[in-house]
Amino acid sequence: MTMEAGPPRPGSMVAGVAGRRVANTEVGGYRVVEAVYTNGLSLPRHTHPRPALSFVARGSFRETNRRGVDVCQAGMMHVRPSEEPHANQFDPNGTRILIVDVPLEPTLEDRRMRRLLSRATVVEDGTVQTLAGQLLWELHHRDDATDLALEGLVLALLARLIRATSSGR
């Protein structure tokens with residue numbers, strides 16, 4: 001099963017996102033979504049066409065992929081490559097996730113981005129938590145500067161993740 005990116009579907013759903021959309025926007029080719037997954041939702045094995053960053057704001061989830069199982073608790077960021085087959089199991093008490101879908105072009109053109117987004121990994125980092133919190137705030141407090149702020153925060157988040165996952169750090 002492939003979950004395709006696209007415009008929001010009726011009923012507050014977003015294509016490629018199985019959870020209920022709380023907030024959604026696209027800026028600079030990056031899709032930024034806050035989604036809620038309830039009642040221990042379980043998703044069978046599937047893929048996504050774009051790499052994604054998933055920050056757990058509340059709750060937790062387990063992702064089973066080719067390498068094993070990644071467990072993501074609140075405050076952790078999960079990095080997932082495009083077309084990575086995986087299945088998900090969400091917390092029975094609910095999970096709130098900030099998802100950043102990364103466009104393929106910058107990923108393919110930049111070696112640092114290719115390295116970051118080439119394999120699934122989990123990152124627990126205070127700066128990542130702060131940037132994700134700022135992204136969530138911007139999603140819910142829109143004004144004339146929101147798109148600029150969101151794009152800048154996404155780029156800062158990617159830079160921090162590159163640094164946090166580099167072998168020299």
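Predicted model: local features only at pLDDT ≥ 70, side-chain atom pairs only at ≥ 80, totals over all residues.
Visitor: Let's start with a pair of strands. In which sense do strand 3 and strand 4 pair, and over how many bridges?

Guide: Strand 3 covers residues 20–27 and strand 4 covers residues 30–37. Arg21 stands opposite Ala35 in strand 4. The two strands pair in the antiparallel sense, over seven bridges.

Visitor: Which residue in the hairpin of strand 3 and strand 4 takes a positive phi?

Guide: This hairpin has two residues between its strands. The positive phi there is near 60°, and the residue that takes it is Gly28.

Visitor: Moving on to Asn39, is this residue buried or exposed?

Guide: Asn39 is found in the loop between strand 4 and strand 5 (42–46). Phi of Asn39 is near 55°, a positive value in a residue other than glycine. A residue counts as exposed over 50% relative accessible area. Asn39 has 68%, so the word for it is exposed.

Visitor: Which side chain makes a polar contact with the side chain of Glu84?

Guide: Leaving out residues up to four places away in sequence, Glu84 touches His46, Thr47, Asn65 and Arg66. The side-chain polar contact is at 3.2 Å, and the partner is Arg66.

Visitor: Now the helices. How far does helix 4 reach from its first C-alpha to its last?

Guide: Helix 4 runs over residues 146–165, which makes 20 residues. At 1.5 Å a residue, a span of 28 Å is expected. The reach in the model is close to that, at 28 Å.

Visitor: Which element gives the largest share of the largest nonpolar core?

Guide: That core has 28 residues, and those with the most contacts inside it include Leu53, Met77, Leu98, Leu157 and Leu158. The elements that give two or more residues to this core include strand 6 (52–58), strand 11 (95–101), helix 2 (111–116) and helix 3. Among the buried residues of helix 4 are Leu150, Leu153, Val154 and Ile162. The largest share of the core, seven residues, comes from helix 4.

Visitor: Which residues is Leu158 in contact with, leaving aside its neighbours within four places in sequence?

Guide: Leu158 is one of the buried residues of helix 4. It is also among those with the most contacts inside the largest nonpolar core. With those neighbours left aside, its contacts are Tyr30, Leu53, Val102, Met113 and Leu116.

Visitor: One last stop, Leu136. What separates its C-alpha atom from that of Leu150?

Guide: Leu136 is found in helix 3 (residues 126–140), and it is buried, with a relative accessible area of 14%. Beyond four places in sequence, Leu136 is in contact with Glu34, Ala57 and Leu98. Leu136 and Leu150 are 14 residues apart along the chain, and the separation of their C-alpha atoms is 9.2 Å.

Definitions and conventions: Residues numbered from 1 in each chain as written. Heavy atoms only, no water. Pairing = 2+ DSSP bridges. Helix = DSSP H or I, 4+ residues; strand = E, 2+ residues; numbered from the N terminus. Polar contact = N/O pair within 3.5 Å; in protein donor to acceptor, adjacent residues only side chain to side chain. Contact = heavy atoms within 4.5 Å. Buried < 20%, exposed > 50% of the residue type's maximum accessible area, 1.4 Å probe, protein only. Expected span 1.5 Å × (residues − 1). Core = buried A, V, L, I, M, F, W, Y, C linked by side-chain atoms within 4.5 Å.
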